Amino acid sequence: MADKKYKSVPVQPSEVTPEHLYLSRRKFMKIASVAGVAAALAACGVKPPGASEPGSEAAALPSQSIDPTQTKAAEPVLYDDLGDAASSFKDITNFNNFYEFTTNKEQVAQLSQNFTTSPWELNVGGLVKNPRTFSMEDIFDLFEQEERIYRLRCVEGWSMVIPWSGFPVSKLLNEVEPTEEAKYLVFETLARPSEMPGLGKYSYFPWPYIEGLRLDEAMNDLTILATGMYGKELLPQNGAPIRLVVPWKYGFKSIKSIIRLDLVSERPAPFWVMAAANEYGFYANVNPEVPHPRWSQATERRIGELGRRETLMFNGYAEEVAYLYEGMDLNINY
Ligand SMILES: Nc1nc2c(c(=O)[nH]1)N[C@H]1C(S)=C(S)[C@@H](COP(=O)(O)O)O[C@H]1N2
Ligand SMILES: [Mo]
(Lines give C-alpha, C1' and ligand atoms only; values in the text may rest on other atoms or scores of the structure.)
(Ligands and ions follow the chains in the order given, each with its own letter.)
Protein backbone atom coordinates (compact mmCIF):
# COMPACT_ATOMS: atom_id res chain seq x y z
CA MET A 1 0.00 0.00 0.00
CA ALA A 2 1.17 3.48 -0.80
CA ASP A 3 1.78 5.97 1.94
CA LYS A 4 -0.71 8.71 1.04
CA LYS A 5 1.05 11.29 3.13
CA TYR A 6 3.08 12.26 0.05
CA LYS A 7 1.91 13.09 -3.44
CA SER A 8 2.95 10.50 -5.98
CA VAL A 9 3.63 10.75 -9.70
CA PRO A 10 3.13 8.07 -12.37
CA VAL A 11 6.02 6.04 -13.77
CA GLN A 12 6.65 6.38 -17.51
CA PRO A 13 5.98 3.18 -19.52
CA SER A 14 9.39 3.62 -21.18
CA GLU A 15 11.19 3.00 -17.92
CA VAL A 16 12.49 -0.46 -17.31
CA THR A 17 12.53 -1.93 -13.84
CA PRO A 18 16.14 -2.92 -13.28
CA GLU A 19 17.05 -6.38 -12.03
CA HIS A 20 20.08 -5.15 -10.18
CA LEU A 21 18.56 -4.34 -6.81
CA TYR A 22 21.03 -4.17 -3.97
CA LEU A 23 24.07 -4.25 -6.23
CA SER A 24 26.83 -1.92 -5.38
CA ARG A 25 29.72 -1.87 -7.73
CA ARG A 26 32.61 -0.40 -5.98
CA LYS A 27 34.60 -0.37 -2.81
CA PHE A 28 35.51 2.94 -1.31
CA MET A 29 38.18 4.23 0.92
CA LYS A 30 36.98 3.88 4.47
CA ILE A 31 38.42 5.49 7.51
CA ALA A 32 37.63 4.37 11.02
CA SER A 33 36.36 7.70 12.23
CA VAL A 34 36.05 11.26 11.11
CA ALA A 35 39.68 11.93 11.89
CA GLY A 36 39.85 14.97 9.71
CA VAL A 37 41.68 16.09 6.69
CA ALA A 38 45.10 14.65 7.49
CA ALA A 39 43.83 11.11 7.94
CA ALA A 40 41.71 11.39 4.85
CA LEU A 41 44.68 12.64 2.89
CA ALA A 42 46.88 9.79 4.08
CA ALA A 43 44.21 7.21 3.31
CA CYS A 44 43.35 8.72 -0.02
CA GLY A 45 46.64 8.78 -1.84
CA VAL A 46 45.19 10.06 -5.10
CA LYS A 47 47.62 12.38 -6.81
CA PRO A 48 46.45 15.21 -8.96
CA PRO A 49 47.68 15.29 -12.51
CA GLY A 50 51.07 16.99 -12.47
CA ALA A 51 51.59 16.62 -8.72
CA SER A 52 55.20 17.23 -7.88
CA GLU A 53 57.28 14.13 -7.35
CA PRO A 54 60.72 14.20 -5.75
CA GLY A 55 63.13 14.97 -8.54
CA SER A 56 60.46 16.43 -10.80
CA GLU A 57 60.85 19.87 -12.29
CA ALA A 58 58.35 21.40 -9.86
CA ALA A 59 60.04 19.93 -6.81
CA ALA A 60 63.42 21.28 -7.95
CA LEU A 61 62.23 24.88 -8.15
CA PRO A 62 63.78 27.10 -5.51
CA SER A 63 61.25 28.42 -2.99
CA GLN A 64 62.90 31.82 -2.60
CA SER A 65 59.63 33.68 -2.11
CA ILE A 66 58.73 31.88 1.12
CA ASP A 67 59.42 33.72 4.35
CA PRO A 68 59.66 30.96 7.02
CA THR A 69 58.39 33.25 9.78
CA GLN A 70 55.21 33.83 7.76
CA THR A 71 54.65 30.29 6.60
CA LYS A 72 52.13 28.03 8.25
CA ALA A 73 52.14 24.33 7.40
CA ALA A 74 50.61 24.08 3.93
CA GLU A 75 46.92 23.21 4.10
CA PRO A 76 46.54 19.62 2.97
CA VAL A 77 44.72 19.34 -0.32
CA LEU A 78 42.25 16.56 -0.99
CA TYR A 79 41.45 15.09 -4.38
CA ASP A 80 38.52 13.07 -5.63
CA ASP A 81 38.74 9.84 -7.66
CA LEU A 82 39.23 11.73 -10.94
CA GLY A 83 42.04 13.85 -9.51
CA ASP A 84 39.97 17.01 -9.02
CA ALA A 85 41.03 19.11 -6.04
CA ALA A 86 38.50 19.68 -3.29
CA SER A 87 36.91 23.12 -3.26
CA SER A 88 37.93 25.38 -0.40
CA PHE A 89 36.11 25.21 2.92
CA LYS A 90 35.27 28.87 2.41
CA ASP A 91 33.58 28.28 -0.96
CA ILE A 92 31.71 25.20 0.25
CA THR A 93 30.32 27.09 3.24
CA ASN A 94 29.61 30.47 1.60
CA PHE A 95 28.01 29.59 -1.74
CA ASN A 96 24.93 27.51 -1.02
CA ASN A 97 21.48 26.67 -2.23
CA PHE A 98 19.10 26.32 0.71
CA TYR A 99 15.86 28.05 -0.25
CA GLU A 100 14.32 27.59 3.21
CA PHE A 101 16.67 30.45 4.19
CA THR A 102 17.11 32.49 1.02
CA THR A 103 17.56 32.10 -2.72
CA ASN A 104 20.72 34.23 -2.47
CA LYS A 105 23.64 31.78 -2.45
CA GLU A 106 26.00 34.19 -0.72
CA GLN A 107 23.56 34.89 2.13
CA VAL A 108 22.61 31.38 3.22
CA ALA A 109 25.59 31.12 5.59
CA GLN A 110 24.64 34.28 7.45
CA LEU A 111 20.88 33.62 7.58
CA SER A 112 21.27 30.02 8.76
CA GLN A 113 23.94 30.51 11.40
CA ASN A 114 21.51 30.31 14.34
CA PHE A 115 19.50 27.40 12.94
CA THR A 116 18.87 24.91 15.78
CA THR A 117 20.28 21.55 14.72
CA SER A 118 20.50 19.92 18.14
CA PRO A 119 18.60 18.04 19.43
CA TRP A 120 17.59 16.43 16.14
CA GLU A 121 15.67 13.31 15.24
CA LEU A 122 15.42 11.37 12.00
CA ASN A 123 12.17 9.49 11.76
CA VAL A 124 12.25 6.43 9.45
CA GLY A 125 9.00 4.68 8.60
CA GLY A 126 6.51 3.64 5.96
CA LEU A 127 6.99 0.24 4.33
CA VAL A 128 9.62 -1.09 6.73
CA LYS A 129 9.68 -3.94 9.23
CA ASN A 130 11.34 -1.87 11.97
CA PRO A 131 10.20 1.77 11.92
CA ARG A 132 12.48 3.80 14.12
CA THR A 133 13.34 7.29 15.27
CA PHE A 134 17.08 7.88 15.36
CA SER A 135 18.65 10.63 17.43
CA MET A 136 21.91 11.95 16.01
CA GLU A 137 23.64 10.13 18.88
CA ASP A 138 22.03 6.85 17.69
CA ILE A 139 23.27 7.58 14.18
CA PHE A 140 26.86 8.12 15.27
CA ASP A 141 26.71 4.99 17.49
CA LEU A 142 25.25 2.75 14.81
CA PHE A 143 26.95 3.88 11.63
CA GLU A 144 30.68 4.23 11.15
CA GLN A 145 31.38 7.55 9.45
CA GLU A 146 33.44 7.44 6.24
CA GLU A 147 35.13 10.13 4.19
CA ARG A 148 33.77 10.55 0.63
CA ILE A 149 35.16 13.20 -1.71
CA TYR A 150 32.43 13.84 -4.28
CA ARG A 151 31.76 16.27 -7.08
CA LEU A 152 28.51 18.21 -6.69
CA ARG A 153 26.99 19.53 -9.95
CA CYS A 154 24.15 22.02 -9.53
CA VAL A 155 21.50 22.05 -12.24
CA GLU A 156 22.26 25.79 -12.58
CA GLY A 157 25.65 24.98 -14.16
CA TRP A 158 28.20 25.33 -11.36
CA SER A 159 30.04 22.63 -9.44
CA MET A 160 32.28 21.95 -6.45
CA VAL A 161 34.26 19.05 -5.02
CA ILE A 162 33.26 18.38 -1.43
CA PRO A 163 34.92 16.14 1.18
CA TRP A 164 31.93 14.77 3.07
CA SER A 165 31.83 12.39 5.96
CA GLY A 166 28.84 10.17 6.41
CA PHE A 167 27.59 6.66 5.78
CA PRO A 168 25.80 4.75 3.01
CA VAL A 169 22.00 4.99 3.01
CA SER A 170 22.05 1.20 2.50
CA LYS A 171 23.27 0.75 6.08
CA LEU A 172 20.32 2.68 7.46
CA LEU A 173 17.93 0.71 5.25
CA ASN A 174 19.39 -2.56 6.50
CA GLU A 175 18.50 -1.45 10.04
CA VAL A 176 14.86 -0.67 9.26
CA GLU A 177 14.37 -3.49 6.69
CA PRO A 178 12.17 -2.30 3.82
CA THR A 179 9.27 -4.65 3.06
CA GLU A 180 8.69 -6.31 -0.34
CA GLU A 181 6.29 -3.52 -1.35
CA ALA A 182 8.80 -0.70 -0.78
CA LYS A 183 10.00 0.69 -4.12
CA TYR A 184 10.93 4.32 -3.39
CA LEU A 185 12.29 6.49 -0.62
CA VAL A 186 10.90 9.88 0.29
CA PHE A 187 13.09 12.36 2.18
CA GLU A 188 11.71 15.43 3.93
CA THR A 189 13.47 18.57 5.18
CA LEU A 190 12.47 20.28 8.40
CA ALA A 191 10.18 23.29 7.82
CA ARG A 192 10.50 25.65 10.81
CA PRO A 193 9.24 29.10 9.81
CA SER A 194 10.59 30.79 12.95
CA GLU A 195 14.14 29.98 11.87
CA MET A 196 13.76 29.70 8.10
CA PRO A 197 12.76 33.04 6.56
CA GLY A 198 12.46 31.57 3.05
CA LEU A 199 9.39 29.53 4.01
CA GLY A 200 7.30 32.66 4.45
CA LYS A 201 9.05 34.77 1.85
CA TYR A 202 8.59 32.21 -0.94
CA SER A 203 5.23 30.89 0.20
CA TYR A 204 4.37 29.91 -3.40
CA PHE A 205 6.80 26.98 -3.18
CA PRO A 206 5.40 23.54 -2.16
CA TRP A 207 7.09 23.29 1.26
CA PRO A 208 8.34 21.17 2.88
CA TYR A 209 11.26 20.32 0.57
CA ILE A 210 10.80 16.69 -0.49
CA GLU A 211 13.07 14.44 -2.48
CA GLY A 212 12.81 10.88 -3.69
CA LEU A 213 14.97 8.02 -4.91
CA ARG A 214 14.22 4.61 -6.31
CA LEU A 215 15.14 1.96 -3.75
CA ASP A 216 17.96 0.58 -5.90
CA GLU A 217 19.42 4.07 -6.37
CA ALA A 218 19.35 4.53 -2.61
CA MET A 219 21.07 1.15 -2.12
CA ASN A 220 23.97 2.08 -4.41
CA ASP A 221 27.16 2.48 -2.41
CA LEU A 222 27.69 6.06 -3.67
CA THR A 223 24.48 7.25 -1.99
CA ILE A 224 25.26 8.59 1.45
CA LEU A 225 23.80 10.50 4.34
CA ALA A 226 26.40 13.13 5.21
CA THR A 227 26.95 14.38 8.76
CA GLY A 228 30.25 16.21 8.28
CA MET A 229 32.40 18.13 5.85
CA TYR A 230 36.19 18.65 5.86
CA GLY A 231 36.33 16.54 9.01
CA LYS A 232 34.05 18.89 10.95
CA GLU A 233 30.38 18.68 11.79
CA LEU A 234 28.15 19.94 9.00
CA LEU A 235 27.33 23.64 9.17
CA PRO A 236 23.67 24.69 8.82
CA GLN A 237 24.19 26.08 5.30
CA ASN A 238 25.31 22.63 4.11
CA GLY A 239 22.29 20.84 5.59
CA ALA A 240 23.18 20.15 9.22
CA PRO A 241 22.92 17.87 10.98
CA ILE A 242 22.20 15.26 8.31
CA ARG A 243 21.66 15.53 4.54
CA LEU A 244 21.57 13.29 1.51
CA VAL A 245 24.37 13.24 -1.07
CA VAL A 246 23.73 11.56 -4.45
CA PRO A 247 26.76 12.62 -6.51
CA TRP A 248 25.61 11.47 -9.98
CA LYS A 249 22.42 13.55 -9.82
CA TYR A 250 21.93 17.31 -9.98
CA GLY A 251 22.53 18.93 -6.62
CA PHE A 252 18.86 19.54 -5.84
CA LYS A 253 18.40 15.79 -5.21
CA SER A 254 20.85 16.07 -2.29
CA ILE A 255 18.24 17.22 0.23
CA LYS A 256 19.38 18.98 3.39
CA SER A 257 18.48 18.89 7.10
CA ILE A 258 16.38 15.73 6.87
CA ILE A 259 13.81 14.90 9.55
CA ARG A 260 11.91 12.08 7.85
CA LEU A 261 12.56 9.19 5.54
CA ASP A 262 9.63 7.11 4.31
CA LEU A 263 9.62 3.93 2.28
CA VAL A 264 6.72 3.96 -0.19
CA SER A 265 5.39 1.88 -3.08
CA GLU A 266 4.62 4.73 -5.49
CA ARG A 267 6.96 7.27 -6.98
CA PRO A 268 6.93 10.41 -4.84
CA ALA A 269 6.68 13.87 -6.37
CA PRO A 270 9.81 15.81 -5.36
CA PHE A 271 9.73 19.52 -4.45
CA TRP A 272 11.20 20.63 -7.79
CA VAL A 273 8.86 18.41 -9.82
CA MET A 274 5.88 19.93 -7.98
CA ALA A 275 7.29 23.43 -8.46
CA ALA A 276 8.20 23.10 -12.17
CA ALA A 277 7.64 19.67 -13.73
CA ASN A 278 8.48 21.04 -17.18
CA GLU A 279 12.00 21.88 -16.01
CA TYR A 280 12.94 19.19 -13.48
CA GLY A 281 12.54 15.43 -13.57
CA PHE A 282 12.37 12.74 -10.92
CA TYR A 283 15.69 11.16 -11.94
CA ALA A 284 17.68 14.36 -12.55
CA ASN A 285 20.79 12.39 -13.49
CA VAL A 286 23.61 14.69 -14.61
CA ASN A 287 23.62 14.49 -18.41
CA PRO A 288 25.55 16.92 -20.63
CA GLU A 289 23.47 15.86 -23.67
CA VAL A 290 20.12 16.91 -22.24
CA PRO A 291 19.76 20.68 -21.92
CA HIS A 292 17.64 22.32 -19.28
CA PRO A 293 14.75 24.04 -21.14
CA ARG A 294 16.47 27.39 -20.51
CA TRP A 295 20.20 26.55 -20.76
CA SER A 296 22.71 23.96 -21.95
CA GLN A 297 24.08 21.39 -19.49
CA ALA A 298 27.18 20.64 -21.60
CA THR A 299 29.59 22.62 -19.41
CA GLU A 300 29.90 23.86 -15.85
CA ARG A 301 31.80 26.44 -13.82
CA ARG A 302 33.84 24.88 -11.04
CA ILE A 303 33.64 27.35 -8.17
CA GLY A 304 37.12 28.79 -7.61
CA GLU A 305 38.23 28.25 -11.23
CA LEU A 306 38.24 30.48 -14.27
CA GLY A 307 36.55 29.28 -17.43
CA ARG A 308 34.30 26.26 -17.76
CA ARG A 309 34.72 22.48 -17.74
CA GLU A 310 32.93 19.83 -19.72
CA THR A 311 30.14 18.23 -17.75
CA LEU A 312 30.52 14.45 -17.52
CA MET A 313 27.77 11.85 -17.98
CA PHE A 314 26.42 10.92 -14.55
CA ASN A 315 28.79 13.61 -13.24
CA GLY A 316 31.72 11.23 -13.85
CA TYR A 317 30.18 8.29 -11.96
CA ALA A 318 28.89 6.31 -14.97
CA GLU A 319 30.95 3.23 -14.13
CA GLU A 320 29.26 3.01 -10.74
CA VAL A 321 25.68 3.87 -11.67
CA ALA A 322 24.93 3.34 -15.39
CA TYR A 323 23.58 -0.17 -14.64
CA LEU A 324 20.69 1.43 -12.75
CA TYR A 325 19.33 2.91 -15.97
CA GLU A 326 19.89 0.10 -18.48
CA GLY A 327 17.08 0.12 -21.02
CA MET A 328 16.01 3.66 -20.15
CA ASP A 329 16.21 6.38 -22.80
CA LEU A 330 18.68 8.73 -21.18
CA ASN A 331 17.89 11.52 -23.64
CA ILE A 332 14.59 12.17 -21.94
CA ASN A 333 14.48 14.45 -18.93
CA TYR A 334 12.44 12.12 -16.69
N1 LIG B 1 16.13 21.35 1.87
C2 LIG B 1 16.85 21.78 0.83
N3 LIG B 1 17.81 20.97 0.32
C4 LIG B 1 18.56 21.39 -0.73
C5 LIG B 1 18.30 22.64 -1.34
C6 LIG B 1 17.29 23.47 -0.78
O7 LIG B 1 17.02 24.60 -1.24
N8 LIG B 1 16.59 23.01 0.30
N9 LIG B 1 19.04 23.03 -2.43
C10 LIG B 1 19.64 21.94 -3.24
C11 LIG B 1 20.54 22.41 -4.28
S12 LIG B 1 19.82 23.15 -5.63
C13 LIG B 1 21.89 22.18 -4.25
S14 LIG B 1 22.88 22.59 -5.56
C15 LIG B 1 22.53 21.61 -3.04
C16 LIG B 1 23.63 22.54 -2.56
O17 LIG B 1 24.33 21.96 -1.47
P18 LIG B 1 25.48 22.80 -0.76
O19 LIG B 1 24.95 24.17 -0.43
O20 LIG B 1 25.84 22.01 0.46
O21 LIG B 1 26.63 22.87 -1.75
O22 LIG B 1 21.60 21.41 -1.97
C23 LIG B 1 20.35 20.90 -2.36
N24 LIG B 1 19.55 20.57 -1.20
MO1 LIG C 1 21.36 23.06 -7.28
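In helix α6, which spans residues 169–176 of this predicted model, the buried residues are Val169, Ser170, Leu172, Leu173 and Val176. These residues lie on the same side of α6, because they cover an arc of only 160° around its axis. Just after α6, Glu177 takes a positive phi of about 55°.

Strand β3, made up of residues 146–153, is mostly covered, with eight of its eight residues buried. In a regular strand the side chains alternate between the two faces of the sheet. Both faces of β3 are covered, with Glu146, Arg148, Tyr150 and Leu152 buried on one side and Glu147, Ile149, Arg151 and Arg153 buried on the other. The partner of β3 is strand β4 (residues 158–168), and the two pair in the antiparallel sense over eight bridges. Within this pairing, Leu152 stands opposite Met160 in β4, while in the hairpin, which has four residues between the strands, Gly157 takes a positive phi near 105°.

Aromatic rings form a further topic, as the structure holds 25 aromatic pairs. One of them joins Phe134 and Phe143 in a tilted arrangement, at 6.2 Å centre to centre and with 50° between the planes. Phe134 counts as buried because its relative accessibility is 0%, and Phe143 counts as buried because its relative accessibility is 3%. One aromatic cluster is formed by Tyr99, Tyr202, Tyr204, Phe205, Trp207, Tyr209, Phe252, Phe271, Trp272 and Tyr280.

The ring of Phe282 is approached by charged side chains, as the table shows.

| Charged residue | Ring | Distance to ring centre |
|---|---|---|
| Lys253 | Phe282 | 4.5 Å |
| Arg267 | Phe282 | 4.6 Å |

Conventions:
Residues numbered from 1 in each chain as written. Chains lettered and ligands numbered in written order. Predicted model: local features only at pLDDT ≥ 70, side-chain atom pairs only at ≥ 80, totals over all residues. Heavy atoms only, no water. Buried < 20%, exposed > 50% of the residue type's maximum accessible area, 1.4 Å probe, protein only. Arc of directions from axis to C-beta. Pairing = 2+ DSSP bridges. Phe/Tyr/Trp six-rings, centres within 6.5 Å; stacked < 30°, edge-to-face > 60°. Lys NZ or Arg CZ within 6 Å of the ring centre and 35° of its normal.
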